[in-house]
Amino acid sequence: MSKWLERLTHQLEQNAAQHLQRERFCTSTPQASSIVVDGERLDNFSSNDYLGFANHPEVVGAFRDAASRFGVGGGASHLVCGHSILHQQLEVALAEYTGRDRALLFGSGYMANMAVLTTLAGRGDSIFQDKLNHASLIDGGLASGAAHYRYRHKDLQHLAALLAGRRKGQPMIVTDAVFSMDGDCAPLAALAAYAAAQDAILIADDAHGFGVLGEHGAGLAEKLQLDQQALPVLIATLGKAYGVQGAFVAGSEALIETLLQTARQYIYTTAMPPASAAAVLAGLELNLREPQRRQHLQSLVQHFKRGCQSLGLPLLHNDGEDTPIQPLLVGDNVTALRIAQELRRRNILAVAIRPPTVPRGTARLRISFSAAHSIEQVDRLLDALAQGFALFAEPAA
């Protein structure tokens, strides 16, 4: 065997020995509150389909109708001939929805984050990121060539100390709005005030808040009433609450035109299918028309949190925000896997999250909720969790 293949094999064997090997499973139904996995019907508490739009008849119908008119592919990049009227309509709608001058579509949240950081930052600048930011933000910061620092999670004092001692060129403060593995919210209002005082650019990725937080579901920025001046660079995805695919950046005319003209991740990739844009447009209209979806989602989360407290389950943030992400901290990898397997035996899907996705020693069950769930499903989940933790872990006092 070649040396490079031996090295890969050795690394895979080490991962398996530490219970870090990841496995895929196959679904044979649409994303929903209940799905079929490898032939088994399971209540699904692992999806990011927070509003239940991934298989909503109106959203699917909009996609189907657009596909019949525009085909199934974008065909080219936006700057060649791939920018359809549906893409244009979606960008206008997203800008209006978020209260920004303009919005620009990307094929994924990963590409949007890479584009923002590699376009706005370069050698001679400095980036300060929350320690628990999504990998795409970390990768974008490293790829930019700027000096790159990570402050302790939501620790503004640590951020201030780093920035005061190491700022260089244009400083940028970068954060998730809702943290994907912890489910808590960034102190975005305080960060906005601090960024303004330091003449730093504040960049927030609201992938997990967009669609579910705020009076109209426009995300954490709307909930905290942070306008374009307070939060100049807003990023969000369209494959979570809106159940489709893609992402966008929203902000000033100058920001969006700069990304359009210079971001390699925008220029050199095929546009998302026009039908996907049509599906998101339908979801936006549906979310505005049916606020009860977001209200039901909140009631599910609150019911779950009360149940965890009553059962002594180790909810990561007992006093945290009512976001759709509610993780249960386990600690070691083996125990997390065993509890997840016990849940699956009880027809519930709640995937065990392990390093390097989360820090060592913080393996967890990342429970995520959808407006498509029922209270009865949440009760079944709570009962299964109580049994799983009783078998394999010590419940929290």
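Analyst: Start with a definition: angles under 35 degrees count as roughly parallel, over 145 as roughly antiparallel, 65 to 115 as roughly perpendicular and the rest as oblique. This is a predicted model, in which local features need pLDDT of at least 70 and side-chain atom pairs pLDDT 80 or more, while totals for chains, interfaces and linings use all residues. Residues are numbered from 1 along each chain as its sequence is written, and side-chain values use heavy atoms, without hydrogens and water.

User: Why are α7 and α8 called roughly parallel?

Analyst: Helix α7 (residues 156-166) and helix α8 (residues 188-198) pack at about 15 degrees, with axes 12 Å apart. Angles under 35 degrees count as roughly parallel, therefore α7 and α8 get that label. The axes are lines fitted to C-alpha atoms over the stretch in contact, and angles run from 0 to 180 degrees between N-to-C directions.

User: What makes up the contact of α7 with α8, by class?

Analyst: Leu156, Leu159, Ala160 and Leu163 in α7 meet Ala190, Leu191, Tyr194 and Gln198 in α8, where contact means heavy atoms within 4.5 Å. By class, seven are nonpolar, one is polar and none is charged. Ala, Val, Leu, Ile, Met, Phe, Trp, Tyr, Cys and Pro count as nonpolar, Asp, Glu, Lys and Arg as charged, and the others as polar.

User: Why does serine 77 count as buried?

Analyst: Buried means under 20% relative accessible area, exposed over 50%, and partly exposed in between, with a 1.4 Å probe and protein chains only. Serine 77 has 11% relative accessibility, so it counts as buried. Serine 77 lies in the loop between α2 (57-70) and α3 (78-82). Leaving out residues up to four places away in sequence, serine 77 touches Gly82, His83, Ile267, Thr269, Thr270 and Ala271.

User: Which residues have the most contacts inside the largest nonpolar core?

Analyst: They are Ile173 and Phe304, in a core of 87 residues. The largest share of this core, seven residues, comes from α12. A nonpolar core is a set of buried Ala, Val, Leu, Ile, Met, Phe, Trp, Tyr and Cys residues joined through side-chain atoms within 4.5 Å.

User: How do α4 and α12 pack, and at what angle?

Analyst: Helix α4 (residues 85-98) and helix α12 (residues 274-289) pack at about 30 degrees, with their axes 8 Å apart. By class, this contact has 12 nonpolar, three polar and no charged residues.

Note on methods
Helices (H or I, at least four residues) and strands (E, at least two) are DSSP runs, numbered from the N terminus.
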